Amino acid sequence: MEKSTTYKKLITKIILFTLIITLALAFLYGEYLKRDAIEKLTKIDAKKTSKLIFQSLYSAMEKGWNKKDLANIIDRINTIDEEMSVNVYRSPIVAKIYGDIENDAKVRKANPFVKKALHNTEILNIIDESLIQFYYPIVAQEQCLKCHINAKSGDVLGVIDISYPVRDLKVSLTSMINFFVMFIILFSIVLFVALYFEFDKHLVKPIKVFVNKINQITDEKDIKQRVDLTNKIEELSSMQKVFNKMLDSLEYQFYNDELTSLPNRKRLLEIVNKNNYASLMLINIDKFQEINDLYGDDTGNNLLVHISELLEENSPKSSNLFKLHADEYALYYEQDISLEELQSLALYLIEIIEKNIFVVNEGNEAHVNVSVGIAVGNEALLTNADIALKIAKRKRQKYILYDSSMKIEHEYEQNLKWGKKIKDAIKEDRIIPLFQPIVDTQTKEIIKYESLIRLKDVSGELISPIHFLDLAKKNKLYPQLTMIMVRKTFEKFSKIDKKISINLSVDDILNKEVYNCIMTHLKISNFGNRVVFELIESEGIENFDEVLTFIEEVKSYGCQISIDDFGTGYSNFEYLMKLKVDYIKIDASMIKNIDVNKDSQMVTETILDFANKMGIETIAEFIHSKNVYEKVKELGIHYSQGYYFGEPMSLD
């Protein structure tokens, strides 16, 4: 693995490298200048010195001095500087007339430089950096021919051999300035080039790759990708690590539930969209909202974590557990398993959860029930499991295994064309009320009816509101449905001498059109004392003052007020007293098993005791059997409603 570095180290390395290269070049160039200076300047100095020596000898020769006198002059010159040596050699031309010198003859034969100089060539020998040797040919001129009659102009009469050390060599200021200018320019150019290529390699290109990768991740919206730069720069590596850690964090948050740390719905969708053959369980906590409302969000969150831990501990190791929205989990299992084994696994997980006691706080415990929807296959796995879960909840079964026949039933819940169906039903007057009897519990006499909405399909089939009311709210058609129900109910009971209950939500009361519609019908009718408005209590009462104003106004027409599904949602005894309600309709979840469930009996008795003390009459709904009816009668609930007494009907 290549050792990493930093930009600081890289820049220092580049500058040092550049400086070394530049100094090396400068040294070589300096050596060249020095050599050139030695060759040029020393040659000039040596030539001047040689000429001076010749002029000295020439002056002596003009005076008629002999060989001995000339030798003395040369010896005297050699005493000027002990490091300087001067020799003068006669040429054969001079030796022929004036006689030869033994040493000169030897030198002419042995010394190649002297031979060359005798052919009129100046020779400079650089012995080393501290010593030079110069051979200067003495060329005959016109005045020399007077004495050297055997010579002609241009002949070499002799050679002056001068050797001396190079000291304090003087170089011109211009050359030195030019040298340093060139050095600075060269250093700058080399440094710039080195920095340019190194920064391009280690900074510009990696950053371009980094930015392009970020743009790719942004454009593709794929936070699973990572930046992977192959470089040795610590700063870029750190930046890459920080960015990838940020992507890790984003990916974790994007694909995991914050509370339980389990993979979330997005992760599940990616897996099921691969269309591998698998089984999928959707596990939903029943009435989780009640626990959340009763004990608070912290307790609700603790419960969600507790359930996730139970499921993780007891699920097959090869399965994958997911936390979906709100109070729902998913168990994905690709291993081949029979339907019987799958159903056994579902029952086992349900039993584990329901038998496990959840401690809310000191002295309080909660028993949790769940519903499970199961789907098997390689297509629409999540959709099919969701259909099965909804049907399981609606039919109050612990679990349901999806089969293809459920699609038809589910169309009423999820069909994207429901908005148009509802609009068409309104336009074609296919929104109708049915009426379910409410009886005196003791006598079974029908005292009043509850008006219940139905949508008549084009085929004539009556569709329950569970399939379309939520969609009507989403499509902002709900107020129109309420006004249709108010109008048709008033029309019907203008001819029937019984009390009638009409369901209203808080949104209905706050809607001006619905509000005015109700008041208009109360004004033109003369039976306000037979109208009971049932507030759908599970939706809560946040706009309390507006609701109280509505109640006071309708009561001025003799109307009564009932709270529907008491015991769920936001119900509390305090606002019952403030609203001055006339009836409490006890929630079906309390009544359906009241003949065998002691807890339901205890809660119902508490509600009854409160209602009796407040002068509020009670209604039990979901009376579906004789045993339930007998228990309700025994407890003293005033009125009863349910299929045991009659289904919703048209009253035609």
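# Surface patch, buried contacts and side-chain pairs

Leu28 lies in helix 1, which runs over residues 7-62; helices here are DSSP runs of H or I with at least four residues, strands are runs of E with at least two, and both are numbered from the N terminus. The model is a predicted one, in which local features need pLDDT of at least 70 and side-chain atom pairs count only at pLDDT 80 or more, while totals for chains, interfaces and linings use all residues. Residues are numbered from 1 along each chain as its sequence is written, and side-chain values use heavy atoms, with hydrogens and water left out.

Leu28 counts as exposed because its relative accessibility is 55%; exposed means over 50% relative accessible area, buried under 20%, and partly exposed in between, with a 1.4 Å probe and protein chains only. Together with Phe17, Ile21, Leu25 and Phe27, Leu28 forms a nonpolar patch on the surface, and these residues have about 510 Å² of accessible area together. Such areas come from the Shrake-Rupley method with a 1.4 Å probe, and for residues only the protein chains shown count as cover. Patch members have over 30% relative accessible area and no salt bridge, and are joined within 5 Å for nonpolar side chains (Val, Leu, Ile, Met, Phe, Trp, Tyr) or within 9 Å for like charges.

## Buried residues and their surroundings

Helix 9 (residues 288-295) has Phe288, Ile291 and Asn292 as its buried residues. These residues are on the same side of helix 9 because they cover an arc of only 100 degrees around the axis, where the arc is that of the directions from the helix axis to the C-beta atoms. In general, an α-helix has 3.6 residues a turn, so residues three or four places apart point the same way. The cover over the buried residues of helix 9 includes strand 5 (278-285) and helix 10 (297-314). After helix 9 comes Gly296, which has a positive phi, near 105 degrees.

Ser163 is found in strand 4 (residues 156-165), and with a relative accessible area of 15% it is buried. If its neighbours within four places in sequence are left aside, Ser163 is in contact (heavy atoms within 4.5 Å) with Glu83, Met84, Ser85, Ile132 and Gln133. Lys631, whose place is in helix 23 (residues 626-635), counts as buried at 16% relative accessibility. With neighbours within four places in sequence again left aside, Lys631 is in contact with Ile594, Asp595 and Gln601.

## Aromatic pairs

Rings of Phe, Tyr and Trp (its six-membered ring) pair if their centres lie within 6.5 Å, and planes under 30 degrees apart count as stacked, over 60 as edge-to-face and the rest as tilted. The count by this rule is 11 aromatic pairs. One of them is the stacked pair of Phe113 and Tyr135, with 5.5 Å from centre to centre and 20 degrees between the planes. This pair links distant parts of the chain, since Phe113 is in helix 5 (residues 112-117) and Tyr135 in strand 3 (residues 131-139), 22 residues apart. Phe113 is partly exposed, with a relative accessible area of 34%, whereas Tyr135 counts as buried at 1% relative accessibility.

Phe490 and Phe527 form a tilted pair, 5.4 Å centre to centre with 40 degrees between the planes. Phe490 lies in helix 16 (residues 478-493) and Phe527 in the loop between helix 18 (512-524) and strand 16 (531-536), so that this pair too links distant parts of the chain, 37 residues apart. Both Phe490 and Phe527 are buried. Ring pairs also link Phe435, Tyr449 and Phe493 into a cluster.

## Salt bridges

The whole structure holds 18 salt bridges, each being a side-chain nitrogen of Lys or Arg within 4 Å of a carboxyl oxygen of Asp or Glu. Among them are the following.

| Salt bridge | N to O distance |
|---|---|
| Glu102 and Lys106 | 3.6 Å |
| Glu491 and Arg487 | 3.6 Å |
| Lys555 and Asp582 | 3.4 Å |

Lys555 lies in helix 19 (residues 544-555) and Asp582 in the loop between helix 20 (573-579) and strand 18 (583-586), so this pair ties together parts that are 27 residues apart in sequence. Lys555 counts as partly exposed at 29% relative accessibility. Glu102 and Lys106, by contrast, both lie in helix 4 (residues 102-110), 4 residues apart, which is about one turn of the helix, and both are exposed. Glu491 and Arg487 are separated by about one helical turn because they are 4 residues apart in helix 16; Glu491 is partly exposed at 44% relative accessibility, and Arg487 is partly exposed with a relative accessible area of 32%. Finally, Glu450, Glu534 and Lys585 are linked in a network of salt bridges.
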